[in-house]
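Dear colleague,

Please find below the structure that I am passing on to you. My notes on it follow directly after.

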Amino acid sequence: MTDASDIPATEMNDKVGVVIVAAGRGARAGQADGPKQYQRIGGRAVIMHTLEAFLSHPRIGPVVVAIHADDAELFERAAGENARRVFAVTGGSSRQASVRLGLLALRDQAPAKVLVHDAARPFVDAGLIDRTIDAIGERQGALPALPVADTLKRESATGMIEETVPRAGLHAAQTPQGFPFWPLLAAHEKAYHLGKTEFTDDAAIAEWAHIPVKIVTGSPDNIKLTWARDIAMADQRLSSALPRFPDIRTGNGYDVHAFEPGDHVTLCGIAIPYDRKLSGHSDADVGLHALTDALLATCGAGDIGTHFPPSDPQWKGAASRIFVEYAAKLVRERGGRIANADITLICEAPRVGPHREAMTAALAAMLGIAPERISIKATTNEKLGFLGRGEGIAAIATANVVFPGDVPA
């Protein structure tokens with residue numbers, strides 16, 4: 001955290017100072033990630049959103065954050081890089097006490113104007129900040145507020161309605177509240193020395209100190225997060241506004257088998273006459289083994305050996321379509337939809353081209369997708385290596401699977 005003395009007054013006194021009040025416990029909002037100002041909305045702490053609103057504004061200068069004595073580490077973690085762009089002070093036992101301590105931390109910077117804002121109002125916008133700053137005079141404060149829309153009732157001691165309160169002229173106060181710096185500090189100091197601690201906001205202290213306060217138009221979006229449901233609604237609002245992409249996952253698989261004496265090879269579920277066969281515990285279908293691994297990879301389900309270990313005698317000579325159908329079923333059970341499958345067979349012989357249509361039909365049946373979503377290709381190894389010498393066949397497979405929901409950008 002930056003210390004106030006690190007910011008030269010000559011650079012900052014033509015800017016508007018800010019005190020952000022973040023020392024409360026916020027128990028009504030729950031304690032999932034600490035007090036409400038540190039709970040996460042839209043993937044980041046509430047206080048991070050609040051800080052960025054002010055730090056990104058061109059008219060804002062030094063920013064002081066009043067935090068709880070126990071929250072230094074919590075604040076550093078929540079504010080991230082912004083922790084080095086502000087200076088933090090330990091707040092007091094009440095909001096009023098915390099604001100006073102924040103104002104005292106700004107004395108050396110001597111800003112002409114100061115804004116006081118609640119950390120739990122993360123939706124403050126640049127227009128509201130500008131309106132408030134513009135309404136501050138040499139001896140006049142500014143209060144953003146909205147006219148009260150609900151009918152107000154006063155409750156009696158017995159829990160019954162005592163009277164209906166006329167709402168004409170009534171406003172719901174918001175923050176940031178803006179003031180000329182020295183008059184506000186003087187009002188806080190006077191209240192402190194007189195032991196007056198009942199003020200719930202700075203406009204109330206200003207009223208007591210005979211500092212006129214002008215009402216400016218607030219913002220209906222500038223809500224204060226108080227309850228757990230407020231946090232949940234704010235998170236939903238921000239999360240839905242994030243750029244999002246479909247959850248498309250790509251899996252890759254590779255397999256290779258050597259030749260041994262035989263009369264056919266099985267590739268992509270099709271038996272092809274040949275003077276040798278592939279050696280393996282099952283039918284050694286390299287194309288389907290590679291595809292099985294690719295499908296399992298899209299849902300983090302290990303590899304073919306995890307589910308069908310070669311040490312298990314029940315898989316000796318088994319048709320590899322069993323493995324592919326199992327992997328496809330596992331993908332679907334986890335909510336996935338197979339978008340396409342691509343297999344490249346690498347060998348000098350036998351020729352794959354004459355059997356491609358049959359292979360595609362077999363794979364379409366195994367995967368439950370249309371043939372146009374399947375690609376089977378073959379290439380040689382240009383006489384290089386063991387594949388080029390005709391000692392075996394290799395396969396590379398890729399599968400794309402679409403899972404439900406979106407992932408943030």
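Ala110 sits in the loop between helix H4 (95–105) and strand S6 (113–118). Although Ala110 is not a glycine, its phi is positive, at about 45 degrees. Ala110 is partly exposed, with a relative accessible area of 29%. Please note that this is a predicted model.

Ala284 likewise is not a glycine and has a positive phi, of about 60 degrees. This residue is found in the loop between strand S16 (276–278) and H9, and Ala284 counts as buried, at 0% relative accessibility.

One joins Thr175 and Pro176, with omega about 15 degrees; Pro176 lies in the loop between strand S10 (171–173) and strand S11 (177–180). Another joins Ala349 and Pro350, with omega about 5 degrees, and Pro350 belongs to the loop between S17 and H12.

Beyond its neighbours within four places in sequence, Leu291 is in contact with residues including Val324, Ile343, Leu363 and Ala399.

Finally, helix H2 (residues 46–55) and helix H3 (residues 72–79) pack at an angle of about 65 degrees, their axes 8 Å apart. In their contact, Ile47, Met48 and Leu51 of H2 meet Phe75, Ala78 and Ala79 of H3; six residues of this contact are nonpolar, with no polar and no charged ones.

With kind regards

Notes:
Residues are numbered from 1 along each chain as its sequence is written. This is a predicted model: local features need pLDDT of at least 70, side-chain atom pairs count only at pLDDT 80 or more; totals for chains, interfaces and linings use all residues. Side-chain values use heavy atoms; hydrogens and water are left out. Contact means heavy atoms within 4.5 Å. Axes are lines fitted to C-alpha atoms, for helices over the stretch in contact, and angles run from 0 to 180 degrees between N-to-C directions. Helices (H or I, at least four residues) and strands (E, at least two) are DSSP runs, numbered from the N terminus. Ala, Val, Leu, Ile, Met, Phe, Trp, Tyr, Cys and Pro count as nonpolar, Asp, Glu, Lys and Arg as charged, and the others, Gly among them, as polar. Buried means under 20% relative accessible area, exposed over 50%, partly exposed in between (1.4 Å probe, protein chains only).
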